[in-house]
Amino acid sequence: MDNTTENAEDLDDECPTKQAKNMSFQTAFSNLKKSEFFTDLPASKPETSTAISSSRTSTVLVSPKQKGNPLLKFITNVLWEYSNIVPDYVMGKTTCALFLSIRYHQLNPDYIHERLKLLGNAYNLRVLLVQIDVPEPHHALKHLTRISILADLTIMLAWNAEDAGKIIETYKMYESKPPDNIMERSETAPYQKLVNALTTVRSVNKTDATTLLTTFGTLASIVRAQPNTLTLCPGFGLHKAQKLHKVLHESFLCTPKLSTKE
């Protein structure tokens, strides 16, 4: 009991000392805040995400740098809005585009290099949308094609603002479409099969095949026609007519040649 009482008395003796120290620190700190050597830290701003929110995935994102570009008024079938993005246009989560006119490129040849440095390796599909607005674009296009190969860009050409706007629009519209929509389809219609069969004859093209079917109506009529009758069709000279007539009257199966015994 005596030890407990002594410890309590010791604590009572120390408390005024600690309180005095705390008061002296508060006084010193308040004086420091009033001096010229103290500066309040700026309030921290909440972090913002640069990812595209789900509510904006259905729109084409446009950089404010593109304000006034005439192509924007031709993007009519999809929504678009301005956003602080590195590329000029974002048409999907992995698709973007940089816009460049040939005339501007000739005046500022380093512009595209600066934009590519800022873009880095972002996005899987990177489109370089080039608008042809000069009479002789061949030299500039050759240079831009080389840049596109080295920077992994897909170069797309537009001859006016409407073409450029429709290219951006089409990329957005086909963002979620399966690849079958843009793959070549094999024609199965009977008419197309006849055209394909006739074009297997050398020197007969699709226009010739269409002309033959339009003139004679059926394949049987074409087979029965003589070379001089075939020459009445536009695009058919005597040589082409004779060649077609010969092919149509050849045997489908080759007869084996009989070997002669010596």
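In the predicted model, the buried residues of helix H4 are Ala 140, Leu 141, Leu 144, Ile 147 and Ser 148. These residues cover an arc of only 120 degrees around the axis, which places them on the same side of H4. The buried residues of H4 pack against both strands and helices, namely strand E4 (95-101), helix H2 (102-107), helix H3 (111-119), strand E5 (125-131) and strand E6 (154-158). The face of H4 turned away from this buried side carries the exposed residues His 138, His 139, Lys 142, Ile 149 and Leu 150.

The length of H4 was also examined. H4 is followed by Asp 152, a residue with a positive phi, near 60 degrees.

Four salt bridges are present in the structure. One of them joins the side chains of Glu 169 and Lys 166, with an N to O distance of 3.4 Å. Both residues belong to helix H5 (residues 161-173), where they are three residues apart, about one turn of the helix. An α-helix has 3.6 residues a turn, so residues three or four places apart point the same way. With regard to accessibility, Glu 169 counts as buried because its relative accessibility, 3%, is under the 20% cut-off. Lys 166, in contrast, has a relative accessibility of 28% and therefore counts as partly exposed.

A salt bridge is likewise formed between Lys 172 and Glu 175, whose closest N and O atoms are 2.8 Å apart. Glu 175 counts as partly exposed, at 34% relative accessibility.

The salt bridge between Lys 240 and Asp 208 has its closest N and O atoms 2.8 Å apart. Lys 240 is located in helix H10 (residues 238-248) and Asp 208 in helix H7 (residues 206-216), so this pair ties together parts that are 32 residues apart in sequence. Lys 240 is buried, its relative accessible area being 17%. Asp 208 is buried as well, with a relative accessible area of 5%.

Terms used:
Residues numbered from 1 in each chain as written. Predicted model: local features only at pLDDT ≥ 70, side-chain atom pairs only at ≥ 80, totals over all residues. Heavy atoms only, no water. Helix = DSSP H or I, 4+ residues; strand = E, 2+ residues; numbered from the N terminus. Buried < 20%, exposed > 50% of the residue type's maximum accessible area, 1.4 Å probe, protein only. Arc of directions from axis to C-beta. Contact = heavy atoms within 4.5 Å.
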